[in-house]
Structure formats: C-alpha cells, structure tokens
Amino acid sequence: MGKESSGKAFWKSACPHDCPSGCSLEVERLSSLRIGRIRGAAANGYTDGVVCAKVARYAERAHHPDRLKQPLQRVGEKGTGSFRPISWDAALDEIAEAFVKATQIHGSEAVWPYHSGGTMGVVQRWGIDRLRHAFGYSRQHSTICMTPAEAGWRAGVGKLMGPDPREMAEADLIIVWGGNPVSTQVNAMTHIAKARKQRGAKLAVIDVYRTPTVEAADIALVLRPGSDGALALAMMHILLKEGFADRDYLARYTDFGAEIEAHLADKTPDWAAALTGLSAQEIVDFARLYGRTARSFLRLGFGFTRSRNGSSAMHAVSCLPAITGAWKHRGGGAFFINWDIWNLDLKLAWGQELINPATRVLDQSRIGPILCGDPQALAGGPPVTAMLMQNANSANVAPDSTAVARGLSREDLFLAVHEQFMTATAKYADILLPAAMFLEYDDLYLAYGQTHITVGPRVLDRYEDCRTNHELICDLARRLGANHPSFEMSAVEMLDATLRASGKGSWEEAKQQGWLDCAQSFETEHFLDGFPSSDGRFHFKPDWAAVGPYHAGMTALPTHRDNVEKATEALPFRLIVPPARTFLNTTFTETPGSVAREGEPRALIHPDDAARLGVVEGALVRLGNDRGEVQVRARPLETAKPGVVVVEGNWPSGAYPGSVGINTLIGADPVPPSGGAAFHDTAIWLKAA
C-alpha cells in the first residue's frame with residue numbers, strides 16, 4: 001500500500017482477466033468495501049503505468065447493483081432465471097448429493113467440473129482441477145481461446161516462449177499479425193510507441209478488417225479471412241528468391257532443406273494475391289521490407305488462428321524469422337505468448353499428483369455436442385449429468401450456442417454455477433452461487449503476454465454473501481469426503497507453499513514486490529542456445545501427430561490449408577466475430593460505461609454488398625446458416641473485403657433483436673490438430689429482414 005500527497009491510498013493488485021497484458025495495478029481504496037480509480041503500476045516494466053479503460057473504471061463493475069449477493073435455487077424452468085434464496089450449507093449439500101448420485105449411476109466421469117478464463121488466478125481458476133482429480137471426474141481440454149495458435153507455435157518453436165515483448169521498443173519494424181492491441185492489449189502499444197518515437201520504427205498490421213490497430217499503422221494489410229498462411233508462404237518465396245534468407249542460420253538452427261525450398265517455389269505473390277485479396281505488388285513490397293530489416297519483431301495474436309487452418313497458419317508465420325535469422329537480434333524475432341517460462345511447482349495447487357491418466361478428457365469448446373450426447377465428443381464415455389461451472393459463460397461464449405442451450409436445458413443435467421452476475425449460463429443453473437471478485441481475494445496471475453507472474457493481494461472485504469472459487473471448492477470437497485491437504489488450506493497458505501516449492505520466496509515477499517519477473521537470458525529467449533524442441537532446431541517440417549489428435553491431412557511442411565468453411569452460392573458471405581474494444585468475452589457487458597461506448601450489436605457490411613442487398617444504416621438484417629439464424633442491425637462500412645461480415649463484441653443474447661446471440665452460427669467442430677473453436681471461419685447468408 002502507498003499514499004499520494006493527496007492522502008489517497010493506492011493498494012497493489014493485479015488484473016485477473018484473460019488478457020495477455022496481465023497488468024500490475026494500483027487500486028485506490030476508499031474504504032474496506034469501496035474502490036475509486038485503478039491505474040497501471042508504473043514500476044512494472046511491462047505495465048509501465050498504463051491500463052485499459054475498462055479496468056480503469058472497474059468500480060462500475062465491483063459495485064454494480066446487479067451483482068449476485070446470495071445463493072439461489074432454481075424454481076422455474078431452466079433458462080428462465082427463476083430462483084429462490086437458499087443457504088450456503090443447503091446449496092453445498094445439494095451439489096454434493098447430485099455429484100454422488102451421478103457417480104453412483106454412471107460412474108465418476110459423469111461429473112464434469114468446467115472452468116474458463118474469467119480469472120487467470122493460479123488458485124482461483126485452476127483450483128477446480130484439484131476437485132476433479134481427487135474424485136476422478138472428467139478432465140478438461142481447455143481450448144476455447146488459444147489452442148489453435150498454441151498448436152501452431154509449438155509445431156515450429158517447441159515451447160510457448162520467445163523474446164521479451166518489451167524488446168518491441170528496440171525494433172525497427174514491428175508487425176502485429178492477427179491482433180488488435182489498441183483495443184485488447186494496450187500495453188503492447190506503449191512499447192510499440194517507444195520504438196516509433198525513439199527509433200523511427202514502422203508499425204505494420206495484418207488483419208481481416210480495419211481495426212483501431214490497423215488504423216494506427218504505418219502499413220496495413222487487410223486480407224480475406226483464413227488466408228494468412230498464404231501470405232506467409234509468399235513472403236518466404238520472395239525472401240528465398242531475392243537473397244534475404246540467412247542460409248547460415250537456417251543450416252545451424254533449423255531443419256530447413258531442399259524439399260522446403262522446392263515446396264515454396266510456386267508459392268508466388270500472384271498465387272497468394274488470388275487467395276488473400278492483396279495485390280501481388282503489396283506482397284512483394286512487404287516481403288522486401290521485412291527481409292531488409294534485421295530488427296523485425298513479429299507480435300502474433302490469436303485472431304488469425306481462429307480458423308480451421310489456424311494452426312498451420314501460425315506455423316507458417318512463425319517460419320518467417322527463421323528464414324531471415326531475425327531471432328539473432330535484440331528487437332527481432334517473433335513472440336506469441338509465454339506459458340512455459342514460469343517454473344512454478346503446481347502439484348499441490350492443481351492437484352497434479354492426483355491425476356489418473358485413464359480418466360477421459362472432454363474438449364471445453366465442444367460443450368454443446370458433449371451435453372447433447374455426441375458419442376465422439378463424449379470420448380466414448382458416459383453422459384455428463386452433473387456439472388460445476390466457474391469463470392465461464394458458455395451459453396454465450398461457446399460455439400454452436402443452440403446446441404449449448406439445448407444441452408443446458410436437459411432436465412437430467414444438474415448444473416451448479418458460481419458467478420458474479422445473472423449471465424445467460426447462470427439462468428440454467430439448478431444452484432447459483434455468488435462469486436467474489438478479484439479485489440476480494442488473494443492470488444497469483446500468469447501474465448502470458450509478458451514475463452511477469454503478477455501478484456494480486458486482497459484489497460476489499462467480501463461483498464455480501466459471496467465466496468471465492470477456492471472456498472467453494474474446499475467446502476464441496478470436504479462434503480464429498482476428500483482426503484487431501486490442499487482442501488484444508490487457505491488461498492494464502494496454498495500460494496505461499498507454491499512459491500516456496502518453486503524456489504521463488506514467500507507469499508509475503510511476492511506481495512511486497514507486486515510481481516515476479518521470470519524473464520530469461522537474451523540467448524534463451526532468442527533460442528541462440530537452440531530451440532526448445534526435441535532436436536534443438538526450429539521445425540519447418542512439424543510432426544503434427546505429436547501436437548494433437550486431429551492431424552489427418554496435415555503435412556510436414558509450412559502450408560496454407562484449404563480446409564476453411566468456404567462461401568458458396570447458398571452461403572455467400574464469410575463471418576468473423578472479433579472482440580469489441582470495451583468488452584472481454586462477456587465480461588464487462590454488464591458495465592454501464594462499456595455498454596454506453598459499444599451501443600448495440602452491429603453487422604459491419606461492405607458498402608458494395610449493402611447496396612446490392614438494399615441494406616442501409618440501422619436496417620435490421622438476418623444472418624444464418626444450417627446452425628441457426630441471428631437478427632442484428634446493419635452498418636455499411638468499408639472495413640473488410642467484400643463478402644466479409646464483421647460482428648464485434650460478444651454481446652449477451654438479449655442484446656440482439658431476436659434474443660439469439662452470434663455464436664449460434666459458429667461451428668463446434670474441433671480445429672486441427674488439437675481442438676479449439678473456429679470463431680472467424682463461418683459461412684453465412686445475409687438477408688434484409
């Protein structure tokens with residue numbers, strides 16, 4: 001805690017949300033129950049005193065009058081949101097009874113504890129895994145966000161690590177590929193701005209529509225959805241053909257060979273232009289700029305990987321700095337995320353020693369097919385008949401929302417939801433429990449877009465009758481008869497034990513500092529001692545079978561796969577559903593400031609398409625495919641290529657004129673090779689309502 005000259009107290013904390021920035025915060029504490037302003041911690045080298053607007057006004061969310069205050073029990077039909085108050089003890093008893101019953105009838109795998117990225121806390125998010133492992137409940141493959149991108153990066157590099165993103169300030173060319181940091185990772189723009197101001201660096205942005213980051217760029221390349229791999233291959237073609245390749249680097253650090261060069265020989269700018277919608281000259285000029293700039297830094301986002309060919313696209317793009325040897329230079333190379341640098345001993349906190357490898361693993365993104373009884377999605381096991389959901393709003397966020405709603409509506413499914421607001425998912429709950437917010441508990445956060453483990457000590461007393469995720473898991477585990485020391489420990493005791501077991505000091509020491517910088521040496525981060533792969537080399541020839549189970553048809557080459565959901569005569573448009581600036585999935589959709597700034601859901605339609613269909617500003621249009629139909633108001637705007645429709649923001653279903661949300665149209669089939677959702681790879685029809 002510190003004080004300004006004004007006498008206002010600012011307490012150290014950390015943003016818990018699923019955002020790469022993972023900001024260290026300073027929170028103005030007005031009393032034990034209220035906060036004022038939130039700002040970024042100036043002393044943290046990545047946060048650098050900056051925080052996004054939605055977190056800066058977090059008081060709107062923390063003190064929102066609609067926060068859940070007490071446990072509730074369903075009294076009406078599922079999905080209607082009809083509840084009556086119930087005590088915590090009675091609620092926990094009912095959950096425990098339902099889990100025992102499900103286990104007795106179908107076996108323990110019929111119970112599925114489900115979590116997502118509502119918090120990135122080491123204890124408060126992943127603590128639910130201790131419950132599942134202790135009782136043999138179905139495991140979870142967490143895929144809804146990063147899995148396609150992760151698979152593509154691992155295929156080439158080997159591990160989720162790379163140069164310190166603060167090095168962008170030392171680059172001469174920064175390429176933001178498939179990300180929108182102006183809206184979704186403002187801290188990255190801070191370091192990019194330093195390079196532009198101090199070094200005259202150029203910012204290039206590659207995306208499928210004109211995001212705020214595209215608008216801020218010196219060079220903007222707007223592609224057709226799903227064509228990023230083609231652009232990367234054509235760039236490699238030029239780099240090799242025109243002498244920009246670092247042959248010594250390729251020989252020493254990669255598995256590059258004659259077959260790769262032969263494969264790229266026909267991946268010409270003309271070939272890629274037909275796929276991307278760019279001109280051949282744009283591709284040539286950009287490849288030459290990249291090739292002649294030694295300190296070129298690729299900052300890779302998730303957006304371009306949320307396609308059925310997303311993993312192969314990520315792999316193809318990650319090949320670029322291997323061609324030029326840009327990894328050798330400070331301010332050069334590529335960065336996706338850090339996930340393999342933390343070196344935390346999580347056996348206790350996540351119950352890893354309790355895992356039974358034979359227990360089935362269910363794909364988070366396929367919750368719709370799973371709950372609707374798809375045998376393949378159920379991995380050949382029993383139906384899911386009991387669930388506890390934390391940090392997730394699957395009714396709005398998961399693909400194929402119609403199937404999700406149908407599954408959540410099953411009368412034979414017992415659902416307990418631990419939430420902060422009455423979300424679409426919460427309305428399906430049999431038992432609905434009020435959850436504490438991050439300011440009301442202690443945790444550590446893995447800031448995967450930078451190098452810090454950030455520390456979030458409790459700032460406020462608990463709101464009303466809310467409990468933390470950790471408290472709920474421990475209370476429930478004890479009722480179920482768990483015999484594991486973790487269920488008798490407080491969150492602080494768990495965090496302290498984790499840090500000590502990891503050789504990272506104590507909780508008190510971490511709390512005083514506010515973060516733990518896990519940055520590695522320049523040589524390690526730039527792979528100058530070898531890549532973190534089996535043979536120490538970057539792999540142009542990935543072993544996709546080792547990356548994931550859905551590898552059929554994937555070749556051991558950098559490729560542009562043509563496995564996307566194509567536009568057809570019946571479905572002539574491609575739909576993408578990127579995040580809005582002031583929302584984070586469905587978090588902040590209840591915050592007045594965010595809602596006021598976003599207004600309402602809109603379908604951004606190219607003016608040529610709008611004119612052909614007779615669609616004007618504000619007109620109601622219908623978007624549809626075999627999965628369903630969504631009504632939304634139109635906004636003709638020259639932001640994407642003709643034939644591409646953009647619907648920003650994961651709005652609650654009730655915000656749409658027909659009360660049907662946009663993810664109704666998104667497929668739940670797994671992205672090769674490891675699963676995940678293809679949120680930006682959907683074919684639709686569009687009609688004036």
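Reader: What makes strands β22 and β25 a pair, and in which direction do they run?

Author: In this predicted model, three bridges join β22 (residues 602-605) to β25 (residues 644-647), and the two strands run antiparallel. Pairing requires at least two bridges, so the three bridges between β22 and β25 meet the requirement. Within this pair, L604 has V646 in β25 as its bridge partner.

Reader: Which strands close into the barrel, and in what order?

Author: Six strands close into the barrel, in the order β21-β25-β22-β24-β23-β26, with mixed pairing. Neighbouring strands of this sheet are turned by 45° against each other on average, direction ignored.

Reader: Why is T582 called buried?

Author: The relative accessible area of T582 is 8%. Buried means under 20%, therefore T582 is classed as buried. T582 lies in the loop between β21 (573-576) and α24 (592-598). Among the residues it touches are K54, R57 and F588.

Reader: What makes the link between the side chains of T582 and E598 a polar contact?

Author: The side chains of T582 and E598 are joined at 2.7 Å.

Reader: How is the packing of α12 and α13 described?

Author: Two packed helices are described by the angle between their axes and the distance between the axes. For α12 (residues 269-276) and α13 (residues 280-292), the angle is about 115° and the axes are 8 Å apart. Their crossing is right-handed. P269, D270, A272, A273 and T276 in α12 meet A280, I283 and V284 in α13. By class, this contact has six nonpolar, one polar and one charged residues.

Methods:
Residues numbered from 1 in each chain as written. Predicted model: local features only at pLDDT ≥ 70, side-chain atom pairs only at ≥ 80, totals over all residues. Heavy atoms only, no water. Axes fitted to C-alpha atoms, helices over the stretch in contact; angles between N-to-C directions. Helix = DSSP H or I, 4+ residues; strand = E, 2+ residues; numbered from the N terminus. Left-handed = near helix turned anticlockwise from the far one by under 90°. Contact = heavy atoms within 4.5 Å. Nonpolar A, V, L, I, M, F, W, Y, C, P; charged D, E, K, R; others polar. Buried < 20%, exposed > 50% of the residue type's maximum accessible area, 1.4 Å probe, protein only. Polar contact = N/O pair within 3.5 Å; in protein donor to acceptor, adjacent residues only side chain to side chain. Lists of a residue's contacts leave out its neighbours within four places in sequence.
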